[in-house]
Amino acid sequence: MYVAVKGGERAIDNAHAWLAEERRGDTSVPELSVAQIRAQMTLAVNRVMAEGSLYDPDLAALAIKQARGDLIEAIFLIRAYRTTLPRFGGSNPIDTEDMACDRRVSATFKDAPGGQVLGPTFDYTHRLLDFKLAADGDAGDVQVAEPQKTATPHIMSFLDREDLIQTEPAGKDVPDDLTRTPLELPASRALRLQSLTRGDEGFILGLAYSTQRGYARNHAFVAELRIGAVAVEMDIPELGFAIEIGEITVTECETVNQFQGSKTQPPQFTRGYGLVFGMTERKAISMALVDRALRWKELGEDCLGAPAQDEEFVLYHSDNIQATGFLEHIKLPHYVDFQSELELIRKLRREAQANIHQEAAE
Amino acid sequence: MSDYNFAYLDEQTKRMIRRAILKGLAIPGHQVPFASREMPMPYGWGTGGVQVSAAVLTPDDTFKVIDQGADDTTNAVSIRRFFQKTAGVAVTEATTEASVIQTRHRIPEQDLRADQILVYQVPIPEPLRFLEPSEVETRKMHALEEYGLMHVKLYEDISQHGDIATAYAYPVKVEGRYVMDPSPIPKFDNPKLEMAGIQLFGAGREQRIYAIPPYTQVVSLDFDDYPFLPTKADHACDLCGAQDSYLDELIVDDAGGRMFMCSDTDYCTTRRKAGHVGAQGVPYEKDAA
């Protein structure tokens with residue numbers, strides 16, 4: 001007798017065992033350590049932290065190892081872990097002006113207080129495979145500069161003084177939390193930014209690129225891009241003051257965008273904003289462009305019907321954990337529904353063919 | 001696994017979900033937004049149903065999970081194991097013994113009792129979604145009871161195909177008010193939506209919970225001259241001979257030979273144990289030996 005799909009339990013156990021074996025790979029090659037991933041795959045670690053919404057390089061590295069290098073799977077592991085963590089409270093807003101900048105560039109001014117700092121960038125490397133790395137990855141001696149002791153002012157603040165850049169309305173003291181309340185539309189800018197910063201890098205990049213190519217073009221200049229460590233402080237009620245509880249590296253991008261002015265407002269520059277965990281420059285710039293595109297309503301612009309302007313479209317489709325889950329679930333059994341479709345299509349075809357025969361007979 | 005709270009979610013989260021469930025029961029068929037959590041299984045694998053089950057399970061419950069009507073499909077196994085591990089509840093494959101049943105795509109053939117809860121996994125909770133992609137718009141349509149678009153869709157089906165061309169996730173109207181997606185169950189199951197048990201629907205990715213209280217009126221949308229018809233394959237089960245159950249169609253040989261068997265594996269097994277034998281079946285004891 002034919003027995004259908006029995007043995008689910010054993011199949012799952014065997015699949016898991018095989019998966020573990022595949023993850024380890026060829027045992028004659030030394031196993032990767034979490035420390036190696038954390039130290040040498042830093043940009044992958046940064047992406048996992050950013051889209052996983054959890055700043056912990058060790059856990060991100062572990063997730064990458066467990067996920068066999070599949071970063072969306074690693075992000076998923078971090079998200080699932082993150083939900084189980086208790087919440088002690090909220091930190092104070094980080095002050096990026098006090099950032100210890102590893103990199104800080106402005107595309108709008110040749111120079112500015114604080115200077116242009118290239119930092120560890122791929123920008124001017126020639127993309128030639130370095131075959132020496134295949135044998136030896138030693139970086140050699142690197143010159144070290146004195147760290148700057150003073151704060152690095154935001155480029156935007158200079159435009160602000162002249163009133164050339166639009167001032168931002170104050171948000172709520174405590175913004176809504178995307179991970180604690182169901183998203184309802186229209187969403188506040190704080191919620192939109194939360195969604196963008198944890199959104200899929202590829203998706204946000206594609207949307208941002210579409211604005212550059214004319215789908216709601218918003219003429220962005222990178223006023224400033226800065227990457228570095230900032231202190232995280234938290235008010236401790238028992239103490240009555242804020243203490244530093246740690247340090248995180250973030251990437252911040254502020255864009256200056258043209259604005260024609262409207263009936264009520266003289267022409268003024270507007271801004272887009274990107275802030276992402278870790279060194280995640282492509283994502284931060286993309287985020288700033290999409291943020292700006294989503295602001296059409298509050299700036300009194302026309303909606304051009306572009307995807308990047310459609311808040312519902314962007315916010316509902318940017319999360320790669322939601323997207324990958326729903327996309328991949330179609331490989332789960334659907335045979336009950338398919339059976340009902342089979343019955344229906346057979347019936348419709350029978351009826352249609354009967355009609356054709358009848359018409360032919362007439 | 002003792003590091004996790006009973007049924008995985010923390011008590012505050014469960015409370016939040018229970019509030020959404022109670023609101024859903026108070027407004028039958030209405031989609032209640034809830035702050036869905038990221039679960040350790042992917043969206044699309046039943047995270048909504050899992051969160052609802054986690055919120056209603058108590059240590060004394062007996063839990064059953066089916067996918068496509070069967071207890072032994074891989075994802076049903078996975079979800080059942082999840083709650084065995086995180087809640088330590090008793091599990092069963094017998095519909096009559098379960099106090100909470102989580103399901104994907106089917107309603108059990110056996111009528112449920114008043115002391116049973118049926119939890120559905122829902123992919124897209126919005127019955128109007130494929131007519132109107134915007135959530136902002138569809139929420140307005142529900143608020144205004146503006147369901148003309150759905151009737152136009154059904155009418156267009158009839159004018160194009162001569163029949164309503166929806167075979168599963170067939171839309172229903174609950175207690176004369178909300179049009180509701182019964183989740184992708186075959187329309188054969190729709191009449192069973194009026195039942196003694198509590199029915200809870202969880203959509204994790206879409207962050208919605210809705211419910212049908214016991215003995216609530218649930219009407220499948222249709223027209224007087226094209227009445228709703230629950231349909232199934234025109235066969236009997238080849239294993240147990242049942243005429244009244246929803247059937248899976250299997251391809252059994254290279255020539256395309258077909259066999260039909262109950263989708264509800266517990267229903268089929270129970271019948272075979274009771275001595276029923278279908279056209280290609282053998283008595284239950286012999287098969288088990």
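Axes here are lines fitted to C-alpha atoms, for helices over the stretch in contact, and angles run from 0 to 180 degrees between N-to-C directions; two residues are in contact if their C-beta atoms, placed from the backbone, lie within 7 Å. Helices (H or I, at least four residues) and strands (E, at least two) are DSSP runs, numbered from the N terminus.

The model is predicted, so local features need pLDDT of at least 70 and side-chain atom pairs count only at pLDDT 80 or more, while totals for chains, interfaces and linings use all residues. Residues are numbered from 1 along each chain as its sequence is written, and chains are lettered from A and ligands numbered from 1 in the order in which they are written.

In chain A, helix α10 (residues 281-294) lies across β2, β3 and β4, running at about 145 degrees to β4(A). An open sheet of four strands in chain A has the order β1-β2-β3-β4 with antiparallel pairing, where two strands pair if DSSP finds at least two bridges between them. Its edge strands, β1 (100-105) and β4 (270-277) of chain A, each pair on one side only, and the twist averages 25 degrees from one strand to the next. Strands β2 (residues 220-236) and β3 (residues 241-257) of chain A run antiparallel and are joined by 16 bridges.

For chain B, some overall values follow.

| Item in chain B | Value |
|---|---|
| Helices | seven helices |
| Strands | 12 strands |
| Box of C-alpha atoms along the principal axes | roughly 60 × 60 × 35 Å |

Buried residues (20 or more other C-beta atoms within 10 Å of their own, with C-beta atoms placed from the backbone) make up 51% of the 289 residues in chain B.

Notes
A residue is buried if 20 or more other C-beta atoms lie within 10 Å of its own, exposed if 12 or fewer, and partly exposed in between; C-beta atoms are placed from the backbone.
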